[in-house]
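Here is a short briefing on one protein model. Look at the sequence and the 3D view first, then read the points below.

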Amino acid sequence: MALRNIIEEGDPILRKHCREVDEVNERIQMILDDMVETMREANGVGLAAPQVGIMRRMFVAEPAPGEVYMFVNPEILSVEGEQDSEEGCLSVPGMIGRLVRPEKVTIRGLDRYGKEKTLTFEGFHAIVMCHEFDHLEGVLFTDKATELFREEDMPRDEE
Ligand code: NI
């Protein structure tokens, strides 16, 4: 496995619509494995292929420690409800945004072995999956944010 460079906002690659993966072969598996390693190294909870310069429809996520998901050619089958989200992105370092995400999302896609799976996510997991899916459409959380802060200026609720 190898670390890959994370592309940052301002690079047009992050604004492109990604194409489907034709086949989940060894090359794709290697990229997915590299993406997990890169995400962990950067202390992220998700990483989409365009963030490492690959214009294909796939992302990895680890919304809870040790709970790794890999989606190739994901489709959102349904969304339900709403929740407030505070999120950042490895491609937009130092920024936090407030936005509204679905409370629940059902995604169908292929796993690391090319096997189709359908999973439903709620709460923080749903936020992560929706955020990563947006990357495949060239959408960043900053596009949807109603408020944006530099990390150090983030108001603290407990104060
Ligand atoms: Ni992101």
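**Briefing: burial, metal site and salt bridges**

C130 counts as buried, at 6% relative accessibility. Buried means under 20% relative accessible area, exposed means over 50%, and partly exposed lies in between (1.4 Å probe, protein chains only). This is a predicted model: local features need pLDDT of at least 70, side-chain atom pairs count only at pLDDT 80 or more, and totals for chains, interfaces and linings use all residues. Residues are numbered from 1 along each chain as its sequence is written, and side-chain values use heavy atoms, with hydrogens and water left out.

**Cysteines**

- The sulfur of C130 is 14 Å from the closest cysteine sulfur, in C89, which is too far for a bond.
- A search of the whole structure finds zero disulfides. A disulfide is a pair of cysteine sulfur atoms within 2.5 Å.
- C18 is in no disulfide either. Its nearest cysteine sulfur, that of C89, is 13 Å away.
- C18 is buried, with a relative accessible area of 1%.

**The nickel site**

- Which residues coordinate the nickel ion? They are C89 through SG, H131 through NE2 and H135 through NE2, at 2.0 to 2.2 Å.
- Donors are N, O and S atoms within 2.8 Å of the metal (3.2 Å for Na, K and Ca). Water is not among the atoms, so sites may look incomplete.
- Along the chain, the donors of the nickel ion follow the spacing C-x41-H-x3-H.
- C89 lies in the loop between β4 and β5, and H135 lies in helix α2, so the pair ties together parts that are 46 residues apart in sequence.
- Are C89 and H135 buried or exposed? Both are buried.

**Salt bridges**

- How many salt bridges does the structure hold? There are 12. A salt bridge is a side-chain nitrogen of Lys or Arg within 4 Å of a carboxyl oxygen of Asp or Glu.
- R15 pairs with D143 in a salt bridge, and their closest N and O atoms are 2.7 Å apart. R15 sits in the segment before α1 (26-41) and D143 in helix α3 (residues 141-144), so this pair ties together parts that are 128 residues apart in sequence.
- R15 is partly exposed at 40% relative accessibility. D143 is partly exposed too, at 43%.
- R98 forms a salt bridge with E86, with the closest N and O atoms 3.0 Å apart. The pair links distant parts of the chain: R98 is in strand β5 (residues 95-101) and E86 is in strand β4 (residues 83-87), 12 residues apart.
- E86 is partly exposed, with a relative accessible area of 45%.
- D134 forms a salt bridge with K144, with the closest N and O atoms 2.8 Å apart. D134 is in helix α2 (residues 123-135) and K144 is in helix α3, 10 residues apart.
- D134 is buried, with a relative accessible area of 10%. K144 is partly exposed, at 39%.
- Salt bridges also link E87, R101, D134 and K144 in a network.

**Fold and overall shape**

- The protein chain has three helices and eight strands. Helices (H or I, at least four residues) and strands (E, at least two) are DSSP runs, numbered from the N terminus.
- In what order do the elements run from the N terminus on? The order is α-β-β-β-β-β-β-β-α-α-β.
- The radius of gyration is 15 Å, close to the 15 Å that the globule rule gives for 159 residues, so the protein chain is as compact as a globular protein of that length. The radius is taken over C-alpha atoms, and the globule rule is 2.2 Å times the number of residues to the power 0.38.
- Along the principal axes, the C-alpha atoms fill a box of roughly 50 × 35 × 30 Å.
- Of the 159 residues of the protein chain, 49% count as buried.

**Contacts**

- Contact means heavy atoms within 4.5 Å.
- Among contacts in the protein chain between residues at least 6 apart in sequence, 68% join residues at least 24 apart.
- D34 has its place in helix α1. D34 counts as buried, at 4% relative accessibility.
- Which residues touch D34, leaving aside its neighbours within four places in sequence? D34 is in contact with M1, A2 and R4.
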